[in-house]
Amino acid sequence: VGITTRLLVSHLSGIRHYEKDITKVKEEKEKANRASRLTKPYQDKEQKEGSKRIERTDSVKVRKEHEGEVKSQNSKPGRRDKEFEQEEYYLKEKFGSVIESLKIFKNDPLVFKPGDQFLYSTYGFTLLSAVVERASGQKFTDYMLKMFRDLDMLSTVLDDNEAMIYNRARCYVYNKKGRLINAPYVDNSYKWAGGGFLSSVGDLLKFGNALLYSYQAGQFKNTSGKLLPGYLKPDTVAMMWTPVAKTEVSWDRDGKYAMAWAVVEKKQECGCCRHQRHYASHTGGAVGASSVLLILPEELDSEAVGTGLVAPPRGVIVSIICNMQSVSLNSTALKIAREFDKEKWAQ
């Protein structure tokens with residue numbers, strides 16, 4: 001079979017996640033698909049009637065988010081997350097390069113034929129980082145740290161246990177008795193691309209602004225060449241935020257997966273009815289930490305854009321980082337974004 005970088009970045013490669021038992025993975029996916037089919041009629045009914053969302057039965061429980069983040073809005077602190085019972089979350093081995101870390105999964109069978117199904121895979125991004133390393137001719141970590149510097153993300157660094165990192169936060173988990181304890185020691189050198197960096201809320205906002213600026217730069221009138229180009233080409237960001245066929249997003253029922261982002265497309269079927277705004281987001285989950293970055297672009301007025309009186313980025317960006325494991329943050333980020341967007345239009 002052939003695996004392309006596009007398949008890797010959209011989690012269609014068939015490479016496994018942390019679960020090694022392929023039979024178990026397929027059973028879980030089928031179970032989740034059945035649950036989704038059962039809940040959809042209720043979800044559609046709730047949207048039409050404006051009814052309050054409730055938990056129904058075990059057969060319609062929502063699926064877990066990638067890397068352990070739980071979607072359920074009424075989840076209680078201390079609830080055990082089976083995702084984080086996978087042994088490979090707690091690796092302590094130090095890997096010298098991303099090429100070296102491929103040995104963890106390189107001889108394992110694919111879960112399915114590449115391109116056939118969606119399966120979120122941290123190891124898919126480990127392979128993607130190896131591609132970047134070979135294509136750039138630099139160590140992946142060096143390449144990324146230079147990029148972070150270009151983006152002025154000076155607080156974003158490798159999660160290296162040995163290094164002295166100013167203001168590094170302590171991470172926490174709940175034990176089996178529901179008590180808060182320090183997160184166990186892990187070495188994330190086996191998955192730099194999929195969860196190996198430390199950052200701050202401010203740096204993530206800079207990253208979001210750089211992407212939003214790049215996305216909108218081509219839509220604005222460039223008066224006298226005063227508008228600088230974006231870090232990426234507008235078409236590149238648009239491609240990254242375009243839903244890919246056969247993908248799914250467990251943490252946002254309105255969304256589809258694109259290229260390393262979950263995206264929701266603009267949609268409104270009837271007047272004075274539900275208006276679905278276009279936005280891009282991604283959650284993160286690791287041992288002792290949870291995060292989300294959500295970008296809600298402004299619906300630009302063509303007249304204002306054409307006059308050159310406004311400039312990108314235009315929209316709302318929400319970043320949340322929590323030093324606690326298995327905290328659901330996507331819905332909270334979306335509510336915050338909508339409130340700021342609503343306030344802006346009310347002015």
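Student: What makes strand E8 largely enclosed by the rest of the structure?

Tutor: In this predicted model, 7 of the 9 residues of E8 (residues 289-297) are buried, so the strand is largely enclosed by the rest of the structure. Buried means under 20% relative accessible area, exposed over 50% and partly exposed in between, with a 1.4 Å probe and protein chains only. Strands (E, at least two residues) and helices (H or I, at least four) are DSSP runs, numbered from the N terminus.

Student: How do you know that E7 and E8 pair?

Tutor: Two strands pair if DSSP finds at least two bridges between them. Strand E7 (residues 279-286) is joined to E8 by 7 bridges, and the two run antiparallel. One example is Gly285, whose bridge partner in E8 is Ser290. E7 and E8 form a hairpin with 2 residues between them. On to the next strand: E8 pairs with E9 (residues 315-322) over 8 bridges, again antiparallel.

Student: Why are E5 and E9 said to stand at the edges?

Tutor: The open sheet has 5 strands in the order E5-E6-E7-E8-E9. Strand E5 (256-257) and E9 each have a single partner strand, so one side of each is left without a neighbour in the sheet.

Student: Why is His278 called buried?

Tutor: Its relative accessibility is 18%, so His278 counts as buried. His278 sits in the loop between strand E6 (262-264) and E7. Leaving out residues up to four places away in sequence, its contacts (heavy atoms within 4.5 Å) include Tyr215, Trp241 and Leu296.

Student: What about the aromatic rings: how many pairs are there in the whole structure?

Tutor: A search finds 11 aromatic pairs. Rings of Phe, Tyr and Trp (its six-membered ring) pair if their centres lie within 6.5 Å; planes under 30 degrees apart count as stacked, over 60 as edge-to-face and the rest as tilted.

Student: Why is the pair of Tyr123 and Tyr190 called tilted?

Tutor: Their centres are 6.4 Å apart and their planes stand at 55 degrees, so the pair is tilted. Tyr123 lies in helix H4 and Tyr190 in the loop between strand E3 (180-182) and helix H6 (192-195), so the pair ties together parts that are 67 residues apart in sequence.

Student: What should I keep in mind about numbering and confidence?

Tutor: Residues are numbered from 1 along each chain as its sequence is written. Local features need pLDDT of at least 70, side-chain atom pairs count only at pLDDT 80 or more, and totals for chains, interfaces and linings use all residues, while side-chain values use heavy atoms, with hydrogens and water left out.
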